[in-house]
Amino acid sequence: MFKIGDMRGFIASSIGVTCAAALALPLTPPAAATVARPSAEVLVPGSTQSLPLAPLNRAVGGSAEQGLSRGDVHRFSMLGVVWDDPDTHLDGRVEVRVRAAASGTWSGWQDVETHYGDDGADPDAAERAAGRVRGATAPLWVGESDGVQVRVRSERTRAAAPGAAAALPSGLRLELVDPGAAGTATAGATAAGNGPRAARFGAETPEAVASAAANADLAPLGALEIPELDRARTEQELYALRGAEPAGRQSGKPRIGPRPRIVTRRGWGADEKLREKKFVYTRKVKAAFVHHTATGNGYRCSQAPSVIRGIYRYHVKSMGWRDIGYNFLVDKCGRIYEGRAGGVAKAVLGAHTLGFNTDSMGVAVIGTFGSSRPPTASVTAVARLTAWKLGIYGANPRGKTYLKSGGGNLYRKGKNVRLNVISGHRDGFSTACPGWQLYRKLGTARSNAARYQGR
């Protein structure tokens, strides 16, 4: 068992904003012409506004309702709702509408996914027990906006006592995330562009150097991407990663897929000062859990680095995690991105499948796939990534494996559970993730990943 080092003091990143008193949320947004705009037009890149919700006067049928309406916020592109206790569920509905910064028009009401507690560190992990983790909805990508309305309404559960009023978690706050503009972020980085960037890397922070150095066996320090390799070069690299090539290759050719192109954390513009300094590793990678981010599908591929920076900031600053939870992310165009820091070829301990983070990796497809079909490019990227990463550790994508549960709502702590080597999030925890339409494509991903491995 790997032990997580003592976590740094939580860095307060939120822009403190207070609400004067309880308010009633209007059914129509304030007129754009009368809205007070922020006085400063130049925004600080990468920030979080944290707004406490207040009781509303519209609660009916014994439900509780909180919300707010603000037309004077700094620009943001992602939002979510957090609360104090990560073990408390939000049984209810969260709806938001936003004002587009460019046009001043308001969107219709959108639902925010409330069941997000099934992601995260295992119950006994130091990351979970640090006392800074919060409950949260999924983050929602809304595009650049400067006005917001939110309403949160509780719903009575079957377990509630008859006649008992439905309650909401304490400490509800709306988090408005500006992912910032990162000069190094690019969805189209090329290997040829790595050299000049690496040459200028000497002035980077120690955290950025450490993050890049974790991939030093695969790419130059400061590279925006780890380039793809053909099968022969991938096999040669695998021998190097293992420390030595078997004498005469008596063991036969390794079963590993060609290494895919991976955009590094530097490539998508991670602010390495946000995360915990230390990297945490597990023993090996026996399984891959596939997720969707539940952030919605309304992003362009060129915006994927911004979406990832938003998720990263939300996980760390709003939810209190040590780093982004997923080990890898995949966008709708099939581009693969490094997630949690520590090295893409290494067994980095993530926070993606509560109860099954040890000896596994989490791959999140950016989007929401309950009713929307995932792009073929995304499913193919999942297959290519898992064929390579699982191949490093000798795992068969079409096979089964055993993982020991760290505790959850499907399996008790300590139970050895037989799972597909490529599983959906719902296989380890009772959840809708990764959405039915993506989940039903995992058979295709398994078959293709095995084929890429030459099986």
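Select helix H10 and its surroundings. The buried residues of H10 pack against helix H4 (231–242), S13, helix H7 (376–392), strand S18 (416–420), S19 and helix H9 (436–439). This is a predicted model.

**Stop 1: helix H10**

Colour residues 442–452, which make up H10. Its buried residues are Leu 442, Ala 445, Arg 446, Asn 448, Ala 449, Ala 450 and Tyr 452. The helix lies across S13 and S19, and runs at about 165 degrees to S19. Step past its end to Gly 454, where phi is positive, near 80 degrees.

**Stop 2**

Now show the strands. Seven of them form an open sheet with mixed pairing, in the order S11-S12-S15-S14-S16-S13-S19.

Zoom in on strand S13 (residues 287–292) and strand S16 (residues 360–365). These two run parallel and are joined by six bridges. Pick Val 290, and find its bridge partner, Val 363, in S16.

**Stop 3: Pro 375**

Follow the chain out of S16. Pro 375 is in the loop between S16 and H7. It counts as partly exposed, at 26% relative accessibility. Select Lys 332 and Phe 369 as well: Pro 375 touches both, not counting residues up to four places away in sequence.

**Stop 4: H4 against H7**

Show both helices. H4 and H7 pack at an angle of about 35 degrees, and their axes are 11 Å apart. Their crossing is right-handed. On the H4 side, select Thr 234, Glu 237, Leu 238, Leu 241 and Arg 242. They meet Trp 388, Gly 391 and Ile 392 in H7. The residues of this contact divide into four nonpolar, two polar and two charged.

**Stop 5: strand S4**

Move to residues 65–70, which form strand S4. Is this strand enclosed or open? Five of its six residues are buried, so S4 is largely enclosed by the rest of the structure.

Look at its partners. Strand S3 (residues 54–55) pairs with S4 in the antiparallel sense over two bridges. Ala 54 stands opposite Gly 67 there. Strand S9 (residues 140–154) also runs antiparallel to S4, joined by six bridges. Here Glu 65 stands opposite Arg 153.

**Stop 6: salt bridges**

Stay with that last pair. Arg 153 and Glu 65 form a salt bridge, with the closest N and O atoms 3.5 Å apart. Arg 153 is in S9 and Glu 65 in S4, so the pair ties together parts that are 88 residues apart in sequence. Arg 153 is partly exposed, at 32% relative accessible area. Glu 65 is buried, at 4% relative accessibility.

Next, select Asp 359 and Arg 283. Their salt bridge has its closest N and O atoms 2.8 Å apart. Asp 359 sits in the loop between strand S15 (336–338) and S16, and Arg 283 in the loop between H5 and S13, 76 residues apart. Asp 359 is buried, with a relative accessible area of 5%, whereas Arg 283 is partly exposed at 49%.

Go on to Glu 204 and Arg 266, which meet in a salt bridge at 3.3 Å, N to O.

Finish with Arg 93, Glu 95, Asp 111 and Arg 151, linked in a network of salt bridges. How many salt bridges does a search of the whole structure find? The count is 18.

Note on methods
Residues numbered from 1 in each chain as written. Predicted model: local features only at pLDDT ≥ 70, side-chain atom pairs only at ≥ 80, totals over all residues. Heavy atoms only, no water. Pairing = 2+ DSSP bridges. Helix = DSSP H or I, 4+ residues; strand = E, 2+ residues; numbered from the N terminus. Contact = heavy atoms within 4.5 Å. Axes fitted to C-alpha atoms, helices over the stretch in contact; angles between N-to-C directions. Buried < 20%, exposed > 50% of the residue type's maximum accessible area, 1.4 Å probe, protein only. Left-handed = near helix turned anticlockwise from the far one by under 90°. Nonpolar A, V, L, I, M, F, W, Y, C, P; charged D, E, K, R; others polar. Salt bridge = Lys/Arg side-chain N within 4 Å of Asp/Glu carboxyl O.
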